[in-house]
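Work through the two exercises below with the sequence and structure in view. Try each task before you read its solution.

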Amino acid sequence: MKYITYIALFFSVAISAQEDPVKQDSTEVHYMIIEGDSVPVTSVKLKEVLVLPNLKFEDRAARIRYIILRRKTLKVYPYAKLAAERLESLQERLDALERKRDKKRYAKIIQNYIEDEFSAELKKLTKTEGQILVKLIHRQTGKTTFELIKELRSGWRAFWFNSTASLFDISLKKEFSPINEEEDYLIEDILQRAFRNQQLIRQEPAFEIDFYESLNKWSQPKNTINSKE
């Protein structure tokens, strides 16, 4: 009788184990084809996180320069982000329209809207803030301000705007290039820290930016950089 009881207990445990199996992780399983065989690979999709180094400055002047640049960058970035969003909406709407007349009419409406929305605020920007904005518009749209004006208006109007801006040391053809311009690298550093601290809402750039490559270049001593160029 004792053995029968043990057997009954064994089967009851076995049956309950089948009815209530141990739950597996929700880790996603992918299958890779290697030489004809399917090999299961577990993976967890995580967002890329930049590990930012501690800020180091050569001297007090460099520190002050960074602080001023940070204040200006945080101020103008929302305008560049908004411009990218408006242009994306414009393009999606234009793609949905079939008649050339409708596209032209809608583009005109958006042009006036953007100009009215930005003009009052942009007039308040300083010369350096305006140049930073031009760079960030390129970062967010993949096109220079000159190219955008040329598309929305005419080539002559773009040329006129660029010539006028040059009087204030602002080039509408300026691109954003952290690997080639130290100031652009500092701006990218400021943005990444602001995204991490949730001071700014992240918007991915229109093109790939290798932050660590720029970091490695501009963190070298100045004489080392000059000797390589």
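**Exercise 1.** At what angle do α2 and helix α4 (residues 127-141) pack, and how many Å apart are their axes?

*Solution.* This is a predicted model: local features need pLDDT of at least 70, side-chain atom pairs count only at pLDDT 80 or more, and totals for chains, interfaces and linings use all residues. Residues are numbered from 1 along each chain as its sequence is written, and side-chain values use heavy atoms, without hydrogens and water.

Step 1. The packing angle of α2 and α4 is about 45 degrees, and their axes lie 8 Å apart.

Step 2. Name the orientation. α2 and α4 are therefore oblique to each other (under 35 degrees is roughly parallel, over 145 roughly antiparallel, 65 to 115 roughly perpendicular, the rest oblique).

Step 3. α2 and α4 cross in a right-handed way (the near helix is turned clockwise from the far one by less than a right angle).

Step 4. List the contact (heavy atoms within 4.5 Å). α2 contributes residues including L69, V76, A80 and L87, and α4 contributes residues including I132, L133 and L136.

Step 5. By class, this contact of α2 with α4 has 11 nonpolar, four polar and six charged residues.

**Exercise 2.** At roughly what angle do the axes of helix α2 (residues 60-96) and helix α7 (residues 182-196) cross?

*Solution.* Step 1. The α2 and α7 axes cross at roughly 65 degrees and come within 10 Å.

Step 2. α2 and α7 are therefore roughly perpendicular to each other.

Step 3. The crossing of α2 past α7 is right-handed.

Step 4. Among the residues that meet are R65, Y66 and L69 in α2 and L186, I190 and F195 in α7. By class, the contact of α2 with α7 has 10 nonpolar, one polar and six charged residues.

Notes:
Axes are lines fitted to C-alpha atoms, for helices over the stretch in contact, and angles run from 0 to 180 degrees between N-to-C directions. Helices (H or I, at least four residues) and strands (E, at least two) are DSSP runs, numbered from the N terminus. Ala, Val, Leu, Ile, Met, Phe, Trp, Tyr, Cys and Pro count as nonpolar, Asp, Glu, Lys and Arg as charged, and the others, Gly among them, as polar.
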